[in-house]
Amino acid sequence: MGDRVTMTTAMTTATAMTAAMTTRVTAAEDGPATGVTAEEAVQAAPAGPAHGVPDGRAHGVPDGPAHRVPEGSAHRVPAPRRGAEPALPDGAGAPAPHDPRAHGFLPERPPVRAMIGTWTRLDAMARAAAVAPDRAAAVALVERARRAEELSALRQRVSRLSLRNAEAAAMRIAVIAVSCGWCGLDPQAPAAREVADEAFLELWAAIAHRIDHDQFVALPTLALHNWAPERKPRRHIPIDQLARTEALVPIVRWAPEGQPLSRLDRLMLAATRLEAHGIWLFRLADTLAGRSPDDSSTPTALRRLVRVQHALRAQLHAEAAELAAAPATPQQGAVLGALAEQGALEPPVLQAADAVLGIGGRRMGEGRRQLLRRHLPAQHRAWLSAMDRHCAPVRTLAHRGGPDAAVYREAQESLIALRRTYTALVQTAARPGTAPLPAAA
């Protein structure tokens, strides 16, 4: 009799313990598990937003209740290979809306420094084409790759690239295209096949389709996706701060390895630093968007815009001395000339200032301004078009008098001076005999 009572008591105790454990493990769909302490709930909470991800949420992760994980079924996710991109969940292929206030038109993350797998062949081809003595030598590199069937092998792998790696491949395609003198071509046009290698054009078109950007052979791709910090920073910092404060080196050099950076290298790095220093211009543009010209904060924002543009001009003057002392080759001059002929050397930050102040449409015509913008990705063009509309009330100050209108005209004049300083820097890079720029005002 005593043994039976003892057995019954033990079974009751075991049932109670099992119920308690189940209560502790099982979580409600909209809250922490019952019985979990506050400290455990904080430790189990998701980490803060990663840098470069807008709206504070992880890219591609939908809002919703967490999935219930049965006890003992948790598994360890293996770390991705070095240089590989993590797979995105279904429906996460579309890019998140771009917010230039975060980091301007710089990429959200530093560009891919080293390609992996078969794409190392494209990297090697781009590096060889950049230092080729002339266009004929660069074209010979492409023809050699076509005969080795390397271009067709790369074409078949474009769809497997993540967007970030596809942008890295686009930069290398752009380097090859301008080195061969093909920067003005449309890779899908039948006439292009009479000028350029057909296999290379197919690879070019596939990359353009992957990144959803047809006219990417221009400064925004050649500069903003072709830089890396000389040394790895000790801590994680925003990308615009990284480009401002760290010494930068090109990923694909226009000068041979072991030799000083060329003028073309320094011009592209100067354009990258200009974007990084111009981050405040994007934020002021957002402040002025939709603002009435009679608003008391409008002249304050315009005065700050003037100071930012003066700082950008001083930044270009600081770059000029090192650029003028750097070596240059006739081939690099030909590259710059071809890009300038296509209107492909306009820095995005200057286009952002133009969208606020409206100088481009007045001085060079609306059609010319749209031609410059075609070299930007679609989300950047959309932001500039939105600024055209939203800053229209502020631009009515151009037809008024008074102190507020004087501040607006001062902002326009400072942008004109900034453009002239940048044009002089490009001329210094293209013509080795050019004299140094005058001191900044």
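A nonpolar core, as I use the term this morning, is a set of buried Ala, Val, Leu, Ile, Met, Phe, Trp, Tyr and Cys residues joined through side-chain atoms within 4.5 Å. With that in place, let me turn to the structure, which is a predicted model.

First, the overall picture. The protein has 20 helices and 2 strands. Of its 441 residues, 43% count as buried. Among contacts with a separation of 6 or more, 75% are made by residues 24 or more positions apart. The protein exposes about 23100 Å², and carbon and sulfur atoms supply 55% of that area.

Now to the cores. The largest nonpolar core has 106 residues, and those with the most contacts inside it are Trp 119, Trp 182, Trp 204, Ile 207 and Phe 216. Which helix gives the largest share of this core? That is helix 7, residues 163-179, with 11 residues. A second, separate core of 11 residues includes Leu 224, Ile 239, Leu 269 and Ala 276.

Leaving out residues up to four places away in sequence, Phe 216 touches Ala 170, Ile 173, Ala 174, Trp 204, Ile 207, Ala 208, Ile 211 and Thr 221.

I move on to the aromatic residues. The structure holds 5 aromatic pairs. One of them joins Phe 105 and Trp 383 in an edge-to-face arrangement, with 5.8 Å centre to centre and 85° between the planes. Phe 105 lies in the loop between helix 3 (100-103) and helix 4 (120-130), while Trp 383 belongs to helix 18 (residues 378-390), so the pair ties together parts that are 278 residues apart in sequence. Both residues, Phe 105 and Trp 383, are buried. Together with Phe 282, they form one aromatic cluster. A ring takes part in another kind of arrangement at Trp 280: the charged end of Arg 283 sits over this ring, 4.5 Å from its centre.

Next, helix 15, residues 348-357. Why can this helix be called largely enclosed by the rest of the structure? The reason is that 10 of its 10 residues are buried, which means that each has under 20% relative accessible area. Just after helix 15, Gly 358 takes a positive phi of about 75°.

Glu 319, in helix 13 (residues 297-325), counts as buried because its relative accessibility is 8%. Beyond its neighbours within four places in sequence, Glu 319 is in contact with Ala 270, Arg 273 and Leu 425.

Finally, the backbone. Most residues other than glycine have a negative phi. Glu 149 has a positive phi of about 60°, although it is not a glycine. Asp 212, likewise a residue other than glycine, has a positive phi near 60°. Where do these two residues lie? Glu 149 is in the loop between helix 5 (135-147) and helix 6 (150-155), and Asp 212 is in the loop between helix 8 (198-211) and helix 9 (219-224). Glu 149 counts as exposed at 56% relative accessibility, and Asp 212 is exposed with a relative accessible area of 59%.

Technical notes
Residues are numbered from 1 along each chain as its sequence is written. This is a predicted model: local features need pLDDT of at least 70, side-chain atom pairs count only at pLDDT 80 or more; totals for chains, interfaces and linings use all residues. Side-chain values use heavy atoms; hydrogens and water are left out. Helices (H or I, at least four residues) and strands (E, at least two) are DSSP runs, numbered from the N terminus. Buried means under 20% relative accessible area, exposed over 50%, partly exposed in between (1.4 Å probe, protein chains only). Contact means heavy atoms within 4.5 Å. Rings of Phe, Tyr and Trp (its six-membered ring) pair if their centres lie within 6.5 Å; planes under 30 degrees apart count as stacked, over 60 as edge-to-face and the rest as tilted. A charge sits over a ring if NZ of Lys or CZ of Arg is within 6 Å of the ring centre and within 35 degrees of the ring normal. Accessible areas come from the Shrake-Rupley method with a 1.4 Å probe; for residues, only the protein chains shown count as cover.
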